[in-house]
Each structure stands twice: as structure tokens, then as C-alpha cells.
Amino acid sequence: MANDGGRKQFWKRSGSKVPGSIQHVYGAQHPPFDPLLHGTLIKPASKPPTTPVKLKKVSTFQEFESNTSDAWDLGDDDDELLAMAAESLNTDVVMETANKVIQNHSKLQEQHKLQEEQLQEDKPVPFSESPSVAYGDNRLVKSVSESQTSSSAECVSENSSMQRSQSLPHAPTDPLEGEVADHDTSATPALTEREAFRLDKFKQLLAGPNTNLDELRKLSWSGIPKPVRPITWKLLSGYLPANVDRREGTLQRKRKEYFAFIEQYYDSRNDENHQDTYRQIHIDIPRMNPEALRLQPKVTEIFERILFIWAIRHPASGYVQGINDLVTPFFVVFVCEYIAEEVENFDVSSLPEEVLQNIEADSYWCMSKLLDGIQDNYTFAQPGIQKKVKMLEELVSRIDEQVHRHLDQHEVKYLQFAFRWMNNLLMREVPLRCTIRLWDTYQSEPEGFSHFHLYVCAAFLVRWRKEILEERDFQALSCKPLGPKFGSLTESCMRYA
């Protein structure tokens with residue numbers, strides 16, 4: 001009985017309106033009804049009120065169902081509308097009109113198809129094969145055949161012109177689209193499923209009008225695919241803005257600014273005030289890695305200009321040995337944007353002069369952005385390096401006290417082996433490909449080249465702790481290489497971290 005009582009309470013009606021009843025809606029389109037203004041609309045015949053009458057309360061589901069079974073039936077107003085439609089429309093007329101619409105539509109489609117075929121026959125060269133001139137901002141100048149197509153298109157109807165324009169491929173307006181397309185067609189090795197998936201994620205992220213730099217840093221931490229590494233490095237270093245529309249203008253302005261520096265300062269390299277700086281640069285460049293690059297006169301010339309201009313524009317530090325190594329990764333990555341093979345096997349001088357100028361200017365500005373964060377490494381007495389070596393010592397003493405104690409017992413100072421690690425950012429310790437991979441992660445960290453670099457150096461000591469603990473000779477310990485597998489191990493650890 002309690003259940004029956006609860007069921008009755010559940011089906012009790014609390015409202016007086018029946019669903020489906022016709023009600024007037026008052027608002028912007030239906031102002032309140034005024035009998036004085038709308039008296040002619042009132043029918044003399046009595047009609048049931050449109051506002052539902054309060055019904056007798058029901059207490060069971062059966063009574064509720066019987067009272068609302070006609071809630072969705074057609075009312076009097078609906079009957080009137082249907083009657084009007086039956087009087088004003090005739091089935092034969094409707095069918096005849098529909099047939100005319102279909103016939104007219106079919107004729108228009110046939111005309112559009114014939115016009116498109118005629119335009120295709122008039123073209124001497126297909127659109128995809130017609131030569132176009134590409135400018136720095138990725139705008140394409142139409143060739144002769146395209147001009148003929150566009151002039152003939154003016155004679156056809158507007159609809160056919162719109163359909164034809166939709167069927168033709170569009171020139172990329174984003175610099176990234178052109179770069180990605182070039183790499184997709186280049187003779188690059190087949191990507192694994194994981195690499196292809198990561199590349200697609202980068203392309204999707206970079207294709208938007210405003211690149212989310214936070215998401216780009218997260219994605220880049222585990223490595224950047226080679227086809228999109230140039231544009232990603234330029235974004236992460238702060239050289240390019242996140243907004244796609246501003247990038248081409250920024251590139252043109254910064255490249256023009258760099259070569260203005262060349263005209264202004266480079267002729268002074270043999271002056272008495274600057275000849276020592278230029279001489280030191282000239283001596284250090286042949287020591288850089290890889291060897292294949294330093295043997296190319298064109299590369300030497302580019303590096304001399306980059307380093308000399310940076311030294312002149314940063315008198316607080318000037319040129320210091322080790323800065324020459326920091327140009328190499330940027331230069332190699334930006335060269336790979338235009339070639340399919342490895343840089344070590346490529347003659348850089350074979351690239352067009354305009355391309356080489358762009359690579360030179362981009363390398364200068366990205367290196368400058370990097371050095372802005374670690375410039376105290378190269379000022380007088382190099383306080384930044386000394387501070388970082390001390391921080392490395394404290395870090396190793398916490399994470400591996402045994403290695404730290406062993407170095408201390410044999411009177412090995414961290415400054416003796418870690419100075420070069422900080423000065424050259426491990427460029428002399430690992431292969432170039434591993435340095436580039438490390439820099440993917442460095443650039444995705446807020447202070448990657450200053451603070452995160454310390455943890456990489458500490459990881460090396462911990463990884464090779466067995467060899468360090470077995471060593472008793474200071475001379476051998478300080479000069480001993482970390483092993484032939486060091487580079488590949490570093491690359492593997494960073495890839496799957």
C-alpha cells in the first residue's frame with residue numbers, strides 16, 4: 001500500500017497547462033493583444049479558449065494518460081491552416097513547378113560542366129606545371145598560362161568562376177606550409193609510424209594562425225622532427241612571432257637589419273681597435289666541428305661575419321673562445337631547410353646567394369637570442385660559468401655522493417673538466433646530431449641553456465660513474481673520453497625521456 005501511495009504522489013500534476021496546447025507568445029514579434037486595435041480579428045463564433053483551462057487534479061497515471069491523450073492532436077487553428085492550403089494548392093500545379101525547377105537545375109549544371117571543359121582545353125600548360133615565381137613572402141606571381149586562364153574566366157558567369165576557383169589549388173600563404181610541402185616531396189628516408197604521428201602533430205600545431213608556444217614547447221621537449229625543426233627553432237628562440245601574418249614581415253626586417261650591420265661595421269675588422277678580435281675569430285673557426293664544414297671557404301666567410309658583428313654589437317663581452325661553436329647548430333639546421341642530404345656531404349656554396357644570405361641572418365639572430373640568456377658566461381672573468389660549475393658540484397653532491405667524494409679525494413676540481421662543458425655547451429663532447437637533439441629540449445625549457453644544461457651535465461657524470469669510480473689517476477680521469485657510445489646513448493636517453 002505504501003508503494004501505491006508513493007506511485008500516486010509521483011503522478012500527481014502540479015501544473016495547470018497541458019503539453020501541446022496553443023498559447024500566445026508575447027515579445028518583440030508578438031506584442032500584447034489589444035481588443036481595440038485588433039477587434040476585426042475576433043471571430044463572432046464562440047471558440048474554446050486558447051489558454052488551457054485548469055483541469056481537475058489527477059492522482060493516478062491512468063487518469064493522467066486519459067486527460068493528455070489528445071495533447072498533440074490538431075487544434076482548430078491547425079484545421080484552418082490545412083483547409084487554406086488545400087484550397088490554394090493543386091497537386092498538378094505543384095508537380096509541374098517541381099519538374100521545371102529540376103530541369104532548370106540540370107541545364108545549369110550541364111552549362112557549368114561544358115564551360116569548365118572548354119577552359120581546360122584552352123590552357124596550354126596544366127596549372128600544377130605552370131611556372132610561377134616565388135618571392136620571400138611566399139606570394140606566387142602568375143605565369144602566362146595562368147594569366148590567360150584568368151582573362152578567359154572573366155567571360156563566363158559568376159557561378160562557374162567560383163566553382164573553378166574552388167577546384168584549383170591555392171598557393172600557401174603561411175611560410176610553414178611551403179616548407180612542409182617541400183620536405184614532404186624531398187628524398188627523405190621513410191618515417192616510422194611514431195615519427196609520422198609526431199610530425200603530423202607538429203604540422204597541426206604550426207598550421208594555425210597563432211601558434212600556441214606553450215604547447216609547442218611541450219611537444220618539442222621529446223625532440224623535433226627534421227622537416228619542421230627550422231621553423232620551430234625560430235619560434236622557440238623568440239626570433240619569429242607566434243602570429244603567422246607577422247612572420248614574413250619580421251624575417252624581411254631582421255634580415256635587412258643584419259646586412260645593414262655588415263655594411264656599417266664589417267669593413268672595420270682590420271682597424272687597430274678590432275683587428276685582435278677578428279684575428280682571434282679567424283683562428284678559432286678552423287677548430288669548430290664538424291670538419292667538413294670548416295673546410296668550406298664559404299662557410300668560413302659566413303661565420304667570420306656573424307661572429308665579428310656580434311662581438312662589435314656586444315662590447316661588454318666581445319668575442320670569447322667558445323662562442324664560435326654556438327653558431328654551428330643553427331647554421332646546420334637552417335641549411336637543412338633547403339637540402340635533402342646531410343650537411344657534411346653537401347657543398348654549401350652551391351646554394352643560391354639569396355638563400356645563403358637568409359641562412360646567415362637567421363643564424364646570427366637566433367645565436368644572439370641564445371647568448372642573451374647566458375651572456376655572463378662570456379663577460380670579464382666569466383662569472384656565469386664559475387657560478388654554473390659551482391651549482392653542478394652541489395647538484396652532484398646531492399644526487400651521487402659517492403662520485404662527488406671520489407672526485408674530492410683525488411683533488412679533482414669541477415672547474416677543470418666542467419668549464420668546457422659550460423663554455424661550449426657540450427659541443428666538443430658529443431656529435432653534432434646529438435647536440436642538435438639536445439638543443440630541441442633546451443629551447444623548450446624556459447632556461448634550458450643555463451639551468452637545464454646543469455642537469456644534463458650531472459646526468460653524464462652519473463651515467464659514467466662506474467668508469468669514474470674505477471679511475472685513480474687524475475691525469476687519466478681528466479683527459480679520458482666518455483666513450484664511443486656516449487653520443488648515441490645521450491640521444492636515446494633524451495629521445496625517450
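Student: What should I know before reading the values?

Tutor: This is a predicted model, in which local features need pLDDT of at least 70, side-chain atom pairs count only at pLDDT 80 or more, and totals for chains, interfaces and linings use all residues. Residues are numbered from 1 along each chain as its sequence is written, and side-chain values use heavy atoms, with hydrogens and water left out.

Student: How do you know where confidence is lowest and highest?

Tutor: From pLDDT, the predictor's confidence in each residue, from 0 to 100. The mean for the protein is 74, and 61% of its residues reach 70 or more. Strand β2 (residues 140-141) is lowest, at a mean of 38. Helix α10 (residues 229-236) is highest, at 97.

Student: Over which residues does pLDDT stay under 50?

Tutor: Residues 123-187 are one such stretch; the model has 68 contacts beyond four places in sequence for them. Residues 480-497 are another, with 28 such contacts. Contact means heavy atoms within 4.5 Å.

Student: What makes a stretch a helix or a strand?

Tutor: Both are DSSP runs, numbered from the N terminus: helices are H or I with at least four residues, strands are E with at least two. The protein has 24 helices and two strands.

Student: Why is L425 called buried?

Tutor: Buried means under 20% relative accessible area, exposed over 50%, and partly exposed in between, with a 1.4 Å probe and protein chains only. L425 has 1% relative accessibility, so L425 counts as buried. L425 lies in the loop between α19 and α20 (432-444). Its phi is positive, about 55°, although L425 is not a glycine.

Student: Is E411 buried or exposed, and why?

Tutor: Exposed, because its relative accessibility is 63%. E411 sits in the loop between α18 (401-409) and α19. E411 is not a glycine either, yet has a positive phi of about 55°.

Student: Why is N423 called buried?

Tutor: Its relative accessible area is 7%, so N423 falls under the cut-off. N423 belongs to helix α19 (residues 414-423). Beyond four places in sequence, N423 touches Q321, G322, Y378, Q382 and I385.

Student: How do you know that H404 and Y414 make a polar contact?

Tutor: A polar contact is a pair of N or O atoms within 3.5 Å; within protein, one must be able to donate a hydrogen and the other to accept it, and residues adjacent in sequence count only if both atoms are side-chain atoms. The side chains of H404 and Y414 make such a contact at 3.0 Å. H404 is in helix α18. Leaving out residues up to four places away, H404 touches E393, V396, S397 and Y414.

Student: Where does helix α21 bend?

Tutor: Helix α21 (residues 448-463) bends by about 25° at L454. The bend at a residue is the angle between axes fitted to the seven residues ending there and the seven starting there. Buried residues of α21 include F449, F452, L454 and F460.

Student: How do you know how many disulfides there are?

Tutor: A disulfide is a pair of cysteine sulfur atoms within 2.5 Å. A search of the whole structure finds zero. As for individual cysteines, C366 is buried at 1% relative accessibility. C434 is buried too, at 1% relative accessible area.

Student: What makes a set of residues a nonpolar core?

Tutor: The residues are buried Ala, Val, Leu, Ile, Met, Phe, Trp, Tyr and Cys, joined through side-chain atoms within 4.5 Å. The largest such core has 94 residues. I323, F331, M367, L370, L371 and W439 have the most contacts inside it. Among the residues that M367 touches beyond four places in sequence are I306, W310, I323 and F330.

Student: Why is L236 called buried?

Tutor: Because its relative accessible area is 9%. L236 lies in helix α10. L236 and P446 are 210 residues apart in sequence, and 9.7 Å apart in space, C-alpha to C-alpha.
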